[in-house]
Every structure is written in C-alpha cells, then in structure tokens.
Amino acid sequence: MGLDAPTEIPEEIETRLPDAIAERLSAAEQAVIRGGEPERFTLPPLNDTIFDVTISPLHDDEGCIRGTVGVAHDITAAQRQAALLKVLHQGITDYQALMSGEHLWDFLMEGLRGLTGSDYALIGEVMMVEDHPALKIHAITDLSWSEESRALMERLRSGDMTLDNPNSLLGRVFAHGETVMTDDLATHPHRGGFPPGHPAVKNYLGVPIHDGERVIGMYAMANSPHRFDEALLAWLEPFTATCALLINFYRQRAQRENIIAELGRARDQAEQANLAKSDFLSSMSHELRTPLNAILGFAQLLANSRKSPLNDRQQRQINQIEKSGHHLLGLINEVLDLAKIEAGHLQLSLEPLSLCGLIEDARDTLSGIAETSGITLTTALPAPDLYVVADHTRAKQVLLNLLSNAIKYNRDGGRVSVRTETADARVRITVSDTGHGIPADRQSELFEPFQRLSAENSAIEGTGIGLAITRELVEHMQGSIGVDSSPGEGSDFWFELPLAREGMTADHPPRHPRAAEPQTMARRLLYIEDNPANQRLMEDIIEDIEGLTLQVAPSAEVGLELIRHRPPPTWC
C-alpha cells in the first residue's frame, strides 16, 4: 500500500491481480482514507487461496491520514474446515437423508467431491461374498460413455453388482486395507487397463474405512486439481470416521426389521416422524460417542505408558489426537443436543427457582476455571426471596454457557461479572466481560449454529453451537436472550426469565451461600448429575458427613472441565 494520500494500488501489483480483487482493494483503501476507520473484508478466492484482509489508516505526526496499511491472513484452512464440518453436521442431522440411506450417501459423495475438487468419487461398503470381500457401491459419480457402460453403472448403483477383484486399484483398498495414493496413475502397478472410451483418470486416492481391525468400506476420488498427500488424508479423518459410524448404523438397523418398519411408517406422518427422530438421536449418541471414546482412551494410554514411553515427536502427535478428539466429542454432543431441541423433544420442569442459588451454583462451578485463566469473577447476588420460573438444570446450563464464553473470550487479566435487575414481571440476568467486543453488524450471527465470528482463526477452541443451544433453552422457558457490545469495550450477554408470581411455592428452599471452608478441609466430592431431584438428594446426604463438601456438575463436559482445572487428589 502507498504512503501518500490519495492511495492507489501500485500499478505493477494491480496488473497481477484479477480485476474484481484489485477494484475491491482500491475501493477499501479510498473508504479508509475518507472515513479514517479500518475496514475488514474477505477477498474472493485467489489461486484457490482465501484471504481475510484488514486495511487501516496511517497517520502522520499531526494526526492527518497520509496513507494506508493492509494486512492479509490466509483463512483457506479455516474455510475448508468449516465446509467439512458443515457436510458432517448435515450428514448426521438430516433426518430424511439418514432414513433413506441412498440420498445420504449421494450427499456425502458430492460433499467429498466438492471438498477435494475431484471430478469422480465413490463410497462403498465391504460385503463378504462366498468368504471373499467384495465392494458394494453406495454412491458413485456417473462416468459412463456408452449404453453398455451406462447399464453397468446402473447395476453398480442398485447394488445388483459388486466388485471383487482384490488386485485392482479399488481392490487394494477394500480387500487389503491399503491406502492407495498416486498423482501419476499411468505408472501405478495396479492401475489395470481401461476400456476404449473410458474417461481419462490422472490421479487417484483410495481410503479404507475401518471398524477396529476390519475394513468395512472405502471411498475414493480421482482427477483432483490438487495434489493428493498425507495432509489431505489427515484432514479427511473426520469424514472417514463419519462414514464408519453410518455403515455400522445401517448394518444394525438392517437387523432390526420391526424398528425399520416403525420408522418407515413414521416417515409418512409428520408427527410420528418427529418422534422417530428423537428416538434415533438418542440411540445415535451412543453410536457416535462409543468409538470416539475408545480413540481418546487408547490415546491416553499411549501418552502415559511407562513401559513404552513415547518420544517427543510421538507425544506431540498423541496430544494432537487427544485435542482433536475432545473437540469432535464436544461437537457431537452439542450437535445432538441442538438437534433434539429442534425436533421438539426437549423436556422441561418449570418451577419457582431461587435466582440467588442459581447464580451461586454457577459461580462455584466456574470459579476455579476463572482463576486458572487469570480472570476475576464477581457476582452481585440478588435477594434470597427472588424467584423465577424456570427449569433448574437448563437455567444453570444457560448461565454456565454464558459465563464460560465470557471467561474464554476475555482479555488477559480481564473481569467477568453477573448482575440482575427486575422489570415488568421479568428478571434480567446479565453476564458482563472485558473482552474485545463484537461489531453491531455481526451480533445477529452470534446465536446461529457454527458462527464464531472469526474466532476460528484464533487458538481458542469452540464449535459455535453453544450460543445457539442457549437461545433455544431460554426461549423454551418463555424467556428472551440478547447481547449489547461495542468493539474494544467488552460485551453484556443477558437473558430474561419470567418472575415467579406471588403465592407460587418452590420444591426446595433457596440455597444460601456456604460459609468459607476451613483451611484444613481438603476432601471434596464431585457429583455429575443433570436431574435436580437427584442433585438435592445428594446435597442432603453429604450435608450430614463431616469433613466432606459436595461440588455438583450438571453435565459430563462441565465435570471434566472442573477436573482438568482442579485435578485429584483435591477431589475424593
């Protein structure tokens, strides 16, 4: 960028850029010079690379604008990751596609082609035919070139025909479990011959889909403009895992004819379809979490092995597996939670709830995490007799989500506070932070799934689903939620709940602040339970045990986070 106003894009650079990009940069520079405010935007793809650009004014000693400076960040990887997550999210939450099977595999195949830019792709399942593995095609790109080849493609698509040559390019994958990757198909030893008229195939990647040690399927792609390499293979691991989960699910579903018939009738009736979707998501949660928990468990065993300690490079790799696994597990949990809410099967127990006790519970739960993060957490507790009408577990989940975000996205040494105010038969709970703030034109995106407002470019982990779930929970409790924020000044996230009417009684008295624990009291019990009645029962039991204090976590995710920040032996 130039140093003297008015600033223009240097001619030698402008001639190298496409007209649309050069014009966008020039217009942004002129706008910055006129208004004196930075401008941030995303450029159209340039040589398959996407840039996030910020143009800021340059001032001289007298404060006058004398030029501009631009900074561009390569966000191609983030955009690709978002595209992959979008495909997987739709794949596991699109009820109609899941029930039809065929449409889902076609959707995933087209998603694979779009993600890799390939001309051709296929997804198939390994079947045992006369004690030999064979590949049944679930989805394949049409590459027919004659009537005979078109009939062959139809047989492959319908499942009437399977592929069983173990020494072909496909056979090395589905029969031997090999990953076949080549950018020069003409010299590959297993390429075989193509009949006259067959479309040209330049490069090829075949990936096996495993269930433990067994190969249960494969997917392949060809004719991508990009080079096939190990980085692409690693990036596609979540896609591979999703295909494995779906193959297993369909196999189990095929063995339960009564359930298939029930779900088939449910598809024809909207009311029954919603009920079937809820049942499906409940069972799918186990199907999705079980293999992922196994991955995380074995990764931890490898990381902590004393007999066969890992070297530094292997330790870094295992740590990345654990980190990615925990991120994917959180994503699966939140996606399932959101899908359940959208299906209309969220069960709530609305009752008078002590706001003082709710805020104190949330404060106690996250105080250790805030301290570890260097964040000061303060709460202005309302009067003990102030009650709202809400579900205890879900209201606490809402407050924990807002407080967790306020801690996570804060500045170093920042502050988080909670306050309440009453007006028009409603109570507003506000969580304030001293973070970087959110532009007004992007605040409406906050409560949409998978929206992190460029936080995906930072080191802060997240899925962008938490606030979407929070909004749904608040609205199901006849409340409302919103945000007030200014860039550079922090944010106020608030939600409102109905004030309990006079004469309504609570199932349990308000929870008053506990007295400070003696310095000698070191034994603490962590209890993970989402049922309010069970929580109150355990509180009553532990209250009579001297030398033991109880910490309640409403979910496994919150409990694990507490243990991570305050590990044993401080817990008993």
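Which residues in α9 are buried? In this predicted model, local features need pLDDT of at least 70 and side-chain atom pairs count only at pLDDT 80 or more, while totals for chains, interfaces and linings use all residues. Residues are numbered from 1 along each chain as its sequence is written, and side-chain values use heavy atoms, with hydrogens and water left out.

The buried residues of α9 are Phe239, Thr240, Thr242, Cys243, Ala244, Leu245, Leu246, Ile247, Asn248, Phe249, Tyr250 and Arg253, where buried means under 20% relative accessible area, exposed over 50% and partly exposed in between, with a 1.4 Å probe and protein chains only. Helices (H or I, at least four residues) and strands (E, at least two) are DSSP runs numbered from the N terminus.

The structure holds three aromatic pairs, counted when ring centres of Phe, Tyr or Trp (its six-membered ring) lie within 6.5 Å, with planes under 30 degrees apart taken as stacked, over 60 as edge-to-face and the rest as tilted. Trp105 and Tyr250 form a tilted pair, 6.1 Å centre to centre with 55 degrees between the planes; because Trp105 lies in helix α5 (residues 102–116) and Tyr250 in helix α9, the pair ties together parts 145 residues apart in sequence. Both of these residues, Trp105 and Tyr250, are buried. Tyr219 and Phe239 pair edge-to-face, at 5.2 Å centre to centre and 80 degrees between the planes, and link strand β8 (residues 214–222) with helix α9 across 20 residues. Ring pairs also join Trp105, Phe249 and Tyr250 into a cluster.
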